[in-house]
Amino acid sequence: MSDGEVLHADHVLDYPYSRSVGPVIGAFLTGLRDGKILGATGAGGSVIVPPTEYDPITGDDVGELVEVGPGGVVETWSWVSEPLRNHPLDHPFAFALIRLDGAGTSMLHVVDAGAPEALSTGARVVPRWKSETERVGHVLDIEAFVPETGAA
Amino acid sequence: MSPAASRRPVAIASFAQSQNVRRDQERNEVEGLMPVIAEVFANIGITKNDIDFICSGSTDYLIGGPFSFVAALDAVGVWPPRSESHVEMDGAFALYEAWVRLQEGDIDAALVYSFGRSSLGDLNEILALQLDPYYLAPLWPDPVSVAALQARALIDSGRATESDLAGVAARNRKSALSNPKAQVAYDRSVDELLSEEYAVAPLRKHALPPITDGAAAIVLAAGDKAQQWTDHPAWITGIDHRIETHALGARDLTRSPSTTKAAEMAGVGDGPVDVAELHAPYAHQELILAEAMGLGDGVSINPSGGALAANPLMSAGLIRIGEAAARISSGSAHRAVAHATSGPCLQQNLVCVLEGE
Amino acid sequence: MADASKSPQADDRGPVTTLATPIHLDYSFTPGIAQSRNLRGLAEGKFIGQRCSVCGKVYVPSRGSCPTDGVPCTEDIVLPNTGTITTFCVVNVPFAGQSIEIPYTCAQVLLDGANISFMGLIQEVLADEVHMGQRVEAVWVEPEDLTPSMASVKYFRPTGEQDAEYETYKDYL
Amino acid sequence: MSERCAVIGVGQTKHKAKRDDISIAGLVREAAKRALEDAQLTWSDIDAVVVGKAPDMFEGAMMPELYLAPALGAVGKPMFRVHTAGSVGGSTTLVAAHLITAGIHKRVLAVAYEKQSDSDAMWALSVPQPFAAPLLAGAGGYFAPHIRAYMRRSGAPDHIGCMVAVKDRLNAVKNPYAHLHLPDIDLKTVQDSVMLWDPLHYLEACPSSDGAAAIILSAEDGVTDGAFPPAWVHGMAMRSEPTMFAGRDQVNPQAGQDCAADVFAQAGITNPRAEIDMAEVYVPFSWYEPMWLENLGFAEQGDGWKLTESGATALDGDIPWNASGGVLSSNPIGASGMLRFLEAAMQVRGQAGEHQVDGARRALGQAYGGGSQFFAMWVVSSDKP
């Protein structure tokens with residue numbers, strides 16, 4: 001309770017949402033858990049990554065799932081020098097749109113490059129996976145992408 | 001032929017907005033809205049009883065509780081009962097619904113309002129919830145980082161430089177010096193702005209919108225009623241909105257085809273444009289929008305300072321329409337374009353063309 | 001591009017069917033100018049209502065405006081502890097956030113001098129003896145436990161007065 | 001000035017407590033694709049999409065129409081999002097219909113949904129806020145006192161609510177999409193069920209469902225040769241009043257009366273009981289049937305319960321209400337109002353299957369929300385206006 005005339009208080013909106021994912025997102029997440037990245041065949045044969053039940057432009061049902069990547073190219077990126085509390089990494093990193101090998105769309109993820117000088121548009125990156133036992137079927141089963149030259 | 005040619009004439013008869021501030025500590029939503037609604041009526045000497053339809057725009061996530069629009073309705077006093085609707089969108093879209101409703105000829109006047117205090121929560125987290133809940137939101141991409149992806153793509157395309165972004169910011173903030181409702185206004189050189197640190201590279205602090213608490217209201221009136229209520233109605237000669245895919249990785253982020261399409265449907269190119277109020281929260285987005293609408297060098301863009309001067313979420317788009325209408329009503333412009341956006345990287349865009357008598 | 005034969009095989013954990021996405025957002029909250037006056041009253045053990053300058057109706061609390069006239073209610077009025085049950089229900093269902101043992105009675109209470117009822121807990125009476133028109137009074141928590149919240153009102157209990165006539169409260173149902 | 005507007009396609013999901021087989025996009029697409037199929041159209045035949053749902057906190061996705069745009073074939077089109085509390089499914093339909101009647105578009109897809117099982121409805125409907133009164137009664141506790149007030153006012157006997165609960169659940173058995181299928185329900189089962197919020201029994205309250213509904217609205221020149229004839233819109237109205245104000249009648253809200261008067265006037269109806277063949281009305285708690293019978297003018301004040309008691313509102317009565325099983329049998333909150341509008345259209349198109357009301361030519365769809373303060377209604381008919 002404050003001293004002034006008008007009251008103030010902290011308010012928290014907190015809920016542990018649990019989402020059913022359906023067949024396509026489910027297959028993608030299952031793939032991540034198994035250490036592979038799947039895309040869906042969309043209109044005109046282009047592969048959508050990450051896959052949705054529908055083509056992102058036409059809305060038509062997608063076709064079969066195919067494996068893509070695991071490496072890809074950074075199409076654009078932003079450099080987060082001061083990570084926020086919910087960000088996937090606690091040290092400076094990049095959000096990036098990454099076009100995985102074989103994909104027709106690019107996927108938003110994070111790149112752990114150390115410093116912005118180590119990253120550029122067009123750079124090749126590869127996933128750094130969580131260990132098999134830590135993977136649960138979540139986009140962050142890929143801990144981050146890293147510059148290909150820095151990959152182990 | 002403009003698709004809008006056969007529409008019933010509807011005008012913005014009155015516009016009001018609150019002072020745009022970083023934090024409104026004292027008032028709840030109703031208390032913030034009441035003076036704005038009182039003013040929008042008083043401007044033209046009408047009361048709530050003159051209004052046939054009400055539509056508002058807001059989002060529950062700003063206050064962190066469901067049904068925030070329900071309590072806000074108490075600022076109007078909807079008794080006896082009224083025909084009333086609400087969109088979980090910027091007030092500009094509420095205005096669109098009201099404009100559609102006025103097309104049928106059975107009613108003549110509508111009140112449109114929007115409200116929200118962006119200061120109550122952390123927008124970096126709240127706006128992450130606008131993204132795909134399975135693939136994107138779990139990464140908690142903050143809106144600045146998402147906009148920065150678009151900025152870099154634009155710079156990489158060779159169609160803009162960091163200096164161009166600073167130029168947009170400098171011009172908007174300088175224009176804001178003559179806007180008494182603005183929150184951020186200054187006169188600084190491009191070089192000075194370019195010496196700022198990056199917020200999220202390639203965006204520096206000047207390219208970002210402020211966090212703003214505010215509310216806005218507009219009275220729409222059709223035909224004779226508009227003439228009766230004001231000597232200077234701003235007629236809506238065209239209005240349209242379009243959305244793009246949500247998948248950022250399936251878009252060319254450097255273009256805004258939804259804006260181009262909406263502008264075409266609204267008839268932007270059917271005559272010379274004097275003024276454009278563009279809802280571009282991030283500096284680079286103004287460049288994308290101006291190009292998408294084909295606005296030439298002669299167009300005065302954002303004389304109010306735009307969203308870079310004040311960005312009350314859910315109202316910033318409606319305010320663009322109000323500001324453009326104000327230029328028409330004051331006689332400083334004959335034909336104006338207003339624009340509102342929603343979603344990451346200009347996913348959804350509304351374009352409205354306004355003309356004087 | 002990989003061929004389809006490399007499609008995932010479900011491992012022994014089975015395919016992924018759900019995704020946990022916890023959301024935690026922190027806000028600052030203010031009830032606003034008018035409601036703060038009411039809440040400060042509750043912290044002092046009294047009901048403060050607000051009268052609309054247009055229609056003269058007394059709201060307790062005012063949420064900032066008179067909801068029918070759309071103007072601020074600026075005149076504060078201290079209301080008594082007593083009122084009438086306009087209607088009620090008996091709660092037999094457990095739900096999240098519930099703090100009282102079921103079953104219990106909740107009633108709309110119209111304070112004397114107010115023009116709007118609010119929901120209150122009814123105690124010190126058997127559930128099947130609660131009825132419409134019953135006269136009740138507020139029982140406040142101990143002074144050291146008073147807070148700017150309706151939680152300061154421990155509950156309402158019957159005063160034993162004669163029931164209010166239906167006519168006196170039928171317009172508040 | 002208004003253009004004619006017709007329903008040319010409808011679709012809904014199987015409603016369930018938990019649609020754990022599907023994503024949010026998958027849920028809305030299930031309904032929308034069925035509507036397209038019904039109208040024999042594809043995504044590209046649709047000019048604009050209007051989405052409605054109740055609070056975003058149900059799914060923890062802010063303004064989810066942004067994410068859903070490609071899932072609903074809306075890329076490059078106008079997309080709109082309505083939120084008017086529990087009436088939202090109805091008002092979403094009306095916003096979409098006005099895009100037709102105002103002459104803006106030829107064909108509009110309206111979609112409403114709720115995927116409540118991603119969170120918990122009780123939590124999302126009443127997120128605790130600082131300084132707020134302690135949560136005393138829960139959702140039904142808000143409405144139960146008004147039900148008691150109705151009983152006092154009308155002198156209705158206790159069993160009326162239970163009768164509605166039985167009637168709607170038996171109707172739902174004939175509706176393959178309904179959430180609750182309780183073929184063995186009878187008066188005694190309802191009366192013996194737990195008294196949740198006295199005077200309301202457990203079986204007199206609506207379930208919490210996942211589900212979606214979709215309606216395709218068309219101008220006259222966009223009407224397709226589908227398997228069923230179009231349902232023509234003869235009237236539509238919305239009304240709102242404040243949540244709480246001095247002297248507010250929460251049993252028979254003025255906004256509901258005004259909304260009904262408006263929609264019937266547009267449709268040229270002076271005696272709804274005689275001139276309407278069936279109604280789909282938002283009845284989340286059993287007693288709201290007799291209350292709304294009076295509010296909508298199907299019965300005189302105090303007489304609504306007599307209509308229910310006489311069997312007039314049963315499937316074989318003279319004015320069947322909620323032949324689909326209604327909100328008491330399926331309640332995906334954001335979609336519940338649209339389902340009323342959709343079922344009314346299905347009846348006059350003759351596509352309601354086992355729960356078809358014989359010879360239904362004119363039907364009312366009604367939705368309400370908030371604390372009985374937001375109302376949306378339409379009248380549809382097999383006859384062109």
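Figure 1. Thr87(C) stands opposite Gln108(C), a residue of strand 6 of chain C. The two strands run antiparallel, and eight bridges join strand 5 of chain C to strand 6 (residues 104–111) of chain C. Another bridge partner in strand 6 of chain C is Tyr104(C), which pairs with Val91(C). Strands of a sheet pair through backbone hydrogen bonds, in either a parallel or an antiparallel sense. Is strand 5 of chain C mostly covered or mostly uncovered? Strand 5, residues 82–91 of chain C, is mostly covered, with nine of its ten residues buried. Strand 6 of chain C has seven buried residues out of eight, so the rest of the structure largely encloses it.

**Figure 2. The hairpin of strand 6 and strand 7 of chain C.** Strand 7 covers residues 118–122 of chain C and pairs with strand 6 of chain C in the antiparallel sense, over five bridges. Within this pairing, Ala107(C) stands opposite Gly120(C) of strand 7. Six residues lie between the two strands of the hairpin. Which residue of this hairpin takes a positive phi? Gly113(C) does, with a value near 95°.

**Figure 3. Further partners of strand 5 of chain C.** Strand 8 (residues 135–140) of chain C pairs with strand 5 of chain C over three bridges, in the antiparallel sense. Here Gly83(C) stands opposite Val136(C) of strand 8. Strand 5 of chain C also pairs with a strand of another chain: strand 5 (residues 195–198) of chain D, antiparallel and over two bridges. In that strand of chain D, Trp197(D) is the bridge partner of Val91(C).

**Figure 4. The two domains of chain C.** Domain 1 spans residues 31–79 and domain 2 spans residues 81–173 of chain C. Taken over C-alpha atoms, the centres of these domains of chain C are separated by 20 Å. Contacts between them involve 14 residues of domain 1 and 15 residues of domain 2 of chain C. On the domain 1 side, at least two residues each come from helix 1 (33–43), strand 2 (47–51), strand 3 (58–59) and strand 4 (75–79) of chain C. Helix 1 of chain C supplies the largest share of this side, four residues. By class, the domain 1 side of this contact in chain C has nine nonpolar, two polar and three charged residues.

**Figure 5. Confidence along chain C.** Chain C has a mean pLDDT of 88, and 91% of its residues reach 70 or more. Among the elements of chain C, strand 8 has the highest mean pLDDT (97) and helix 2 (residues 166–169) the lowest (90). Residues 1–10 of chain C have a pLDDT below 50; this stretch has 18 contacts in the model beyond near neighbours in sequence. Where pLDDT is low, the predicted coordinates should not be read in detail.

**Figure 6. A three-stranded sheet and a helix in chain A.** The sheet is open, its strands follow the order 3-2-4, and the pairing is antiparallel. Which strands of chain A form the edges? Strand 3 (47–48) and strand 4 (65–68) of chain A are the edge strands, each pairing on one side only. Strand 2 (residues 37–41) of chain A pairs with strand 4 of chain A over four bridges, in the antiparallel sense. One bridge links Ile37(A) to its partner Val68(A) in strand 4 of chain A. Helix 1 (residues 22–33) of chain A lies across strand 2 and strand 4, at about 155° to strand 2 of chain A.

**Figure 7. The two domains of chain B.** In the contact, 36 residues of domain 1 meet 29 residues of domain 2 of chain B. Helix 4 (91–102) of chain B is one of the elements giving two or more residues to the domain 1 side. Helix 4 of chain B gives the most, with six residues. The domain 1 side of this contact in chain B has 20 nonpolar, 13 polar and three charged residues.

Methods. Residues are numbered from 1 along each chain as its sequence is written. Chains are lettered from A and ligands numbered from 1 in the order in which they are written. This is a predicted model: local features need pLDDT of at least 70, side-chain atom pairs count only at pLDDT 80 or more; totals for chains, interfaces and linings use all residues. Two strands pair if DSSP finds at least two bridges between them. Two residues are in contact if their C-beta atoms, placed from the backbone, lie within 7 Å. Axes are lines fitted to C-alpha atoms, for helices over the stretch in contact, and angles run from 0 to 180 degrees between N-to-C directions. A residue is buried if 20 or more other C-beta atoms lie within 10 Å of its own, exposed if 12 or fewer, and partly exposed in between; C-beta atoms are placed from the backbone. Domain bounds come from an automatic or database domain assignment. Ala, Val, Leu, Ile, Met, Phe, Trp, Tyr, Cys and Pro count as nonpolar, Asp, Glu, Lys and Arg as charged, and the others, Gly among them, as polar. pLDDT is the predictor's confidence in each residue, from 0 to 100.
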